[in-house]
Amino acid sequence: MSTPLQQHASPASAATTAEGAPGSASPKRAWTGALRDLPREHGFEPLRIEGKLPEWLHGTLYRNGPSLMSNFGHGYRHWFDGDGAISAVRFQGGAAWGAVKVVQSAGLTEERRAGRPLFGGYGTPAPSWLSRVFARGGKNAANTSVMMWQGRLLALWEGGHPTGLKPEDLSTIGETDLGGVVIKNFSAHPHYVRKHKAFFNFGVRYGKDCLLDIYRLPNSGAASRLASIKLAGATMIHDFITTEDHLIFFAPPLRLNSLRLLAGIGCYSENLRWRPEEGTQVLVVPIANPEQHKSFVIEPFYQWHFCNAFEEGGELVVDVVRYPDFSSNHWLKTVPSGQTEGVMQGTLQRARLNPAAGKVSFTPLFERSCEFPRVAPQKTGIPHRFAWMAAHASEADARHEMFNQVAKVDVNSGHGETIVLGPGQYPSEPIFVQRPGAVDEDDGCVLSLAYDAASRTSHIAVLDGRRPGEGPLARAWFDLHLPLTFHGGWANGE
Ligand SMILES: [Fe+2]
């Protein structure tokens with residue numbers, strides 16, 4: 001499918017010139033201002049509104065991303081390792097209030113007491129061999145996403161348990177295993193299935209076998225473990241996707257060298273190897289009968305994030321940001337340096353899976369570097385028309401820039417529309433909020449937490465879902481920068 005592009009506002013690449021060392025041949029990019037440690041934590045305070053917020057917009061946007069990248073002066077070696085900071089913006093009656101707090105994990109508390117780093121992370125080795133071998137639990141960075149379940153606010157990180165927070169002021173309660181249910185890890189990508197009135201999530205558990213633990217978090221009642229399924233190898237799975245009746249996993253051909261990790265050699269990320277000859281394992285799990293799951297192997301590729309999935313004519317249709325391999329991990333590793341290496345090559349593609357035949361075919365939907373795809377919440381698990389993403393303006397930007405556009409893609413027509421918020425402004429994952437009484441899928445607002453390099457502060461940009469190219473209807477400004485965030489969510493009327 002071709003993707004004619006309609007672009008609005010000024011080219012982002014011209015706006016994102018460098019800050020950093022004068023005369024440097026390869027200066028740091030402007031977005032690194034958002035990687036400074038969070039300068040101030042605060043509970044809910046009124047935010048300055050520019051423009052006019054829709055009166056109907058009533059609820060809270062939560063975001064999560066790595067903060068405190070300085071790591072007590074030692075600097076994390078990978079973007080994924082900064083301690084999480086949760087932000088929340090409440091919208092009501094045309095006004096907004098914002099709060100932001102660092103997650104006070106047990107590990108961070110211990111480090112603050114010591115005044116130095118004690119733990120490593122995904123891409124940062126622990127400071128000493130002894131700590132690599134004996135502090136295997138490490139630190140729960142709680143920096144990837146956030147979910148609201150049964151009134152509980154949880155910060156998520158795929159290498160450990162969820163962390164409870166108080167919704168009223170974002171202060172940390174502590175880690176939880178959800179009533180003894182979560183065995184080891186709980187991914188940052190739970191998905192809600194309306195038909196089953198429940199969230200589903202997973203965790204990868206390493207051992208003699210590599211197991212996929214699948215969890216169910218119903219609207220009412222206790223969480224439970226739905227299944228534990230043996231994977232083809234010791235892989236890393238970041239996200240999965242759901243239809244109304246199936247959970248779908250693409251397990252990439254990454255293999256973890258657990259022995260090196262146990263011996264204290266390097267960190268987790270450094271012990272992952274790309275093994276394309278092993279192919280990507282597809283796992284299709286019926287929600288009603290998880291023991292009837294199907295597994296087959298397809299050509300190798302990598303994905304961080306899925307967009308949506310649905311069932312059509314006996315096939316499973318899966319929209320996913322697909323990469324040729326795992327090299328994006330190196331680009332992401334170099335983000336904190338402000339001088340990214342490599343290129344982001346993920347593009348939105350549609351996979352049609354035939355589990356009975358063990359076959360898949362891919363069709364491009366948006367042929368430009370993009371990430372953090374979302375659909376309107378009312379379309380999860382069923383056919384959607386619009387996908388919302390953060391995107392790069394050009395291939396050059398996909399090498400050297402943070403995502404600098406919002407993209408709205410009509411997956412039926414192939415029409416892609418990209419929106420630049422403003423010079424030197426960096427949007428994050430766009431979250432669609434439906435207008436009450438809306439009929440059309442794009443009748444609502446799109447919220448994106450953006451960093452403004454000129455003022456070195458962050459704001460929520462509020463776009464009209466039907467006419468995003470006209471620019472933000474309103475911006476709700478913090479008086480400080482928030483970290484560049486990965487994911488978040490919207491809670492209606494809270
Ligand atoms: Fe993610």
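Modeller: Gladly! Arg-456 counts as partly exposed because it has 16 C-beta neighbours inside 10 Å. A residue is called buried if 20 or more other C-beta atoms lie within 10 Å of its own, exposed if 12 or fewer, and partly exposed in between, with the C-beta atoms placed from the backbone. Please keep in mind that this is a predicted model: local features need pLDDT of at least 70, side-chain atom pairs count only at pLDDT 80 or more, and totals for chains, interfaces and linings use all residues. Residues are numbered from 1 along each chain as its sequence is written.

You will find Arg-456 in the loop between β31 (444–452) and β32 (457–464). Strands (E, at least two residues) and helices (H or I, at least four) are DSSP runs, numbered from the N terminus. Most residues other than glycine have a negative phi. Phe-72 also has a positive phi, of about 55°, although it is not a glycine. Phe-72 sits in the loop between β4 (59–67) and β5 (83–92), and with 14 C-beta neighbours inside 10 Å it counts as partly exposed.

Gln-339 lies between α5 (328–333) and β23 (347–354), and it is partly exposed, with 16 other C-beta atoms within 10 Å. His-400 is 61 residues away from Gln-339 along the chain, while their C-alpha atoms are separated by 6.7 Å.

Now step back to the whole protein. Its secondary structure comes to six helices and 34 strands. The radius of gyration is 21 Å, close to the 23 Å that the globule rule gives for 494 residues, so the protein is as compact as a globular protein of that length. That radius is taken over C-alpha atoms, and the rule is 2.2 Å times the number of residues to the power 0.38. Of the 494 residues, 50% count as buried.

Two bridges link β15 to β16 (residues 246–251) in the antiparallel sense, with Ile-241 opposite Ile-248.

Finally, the interior. A nonpolar core is a set of buried Ala, Val, Leu, Ile, Met, Phe, Trp, Tyr and Cys residues joined through C-beta atoms within 7 Å. The largest one has 120 residues, and Phe-249 and Met-389 are among those that touch the most other members. Apart from it lies another core of eight residues, including Trp-79 and Tyr-268.

Note on methods: Pairing = 2+ DSSP bridges.
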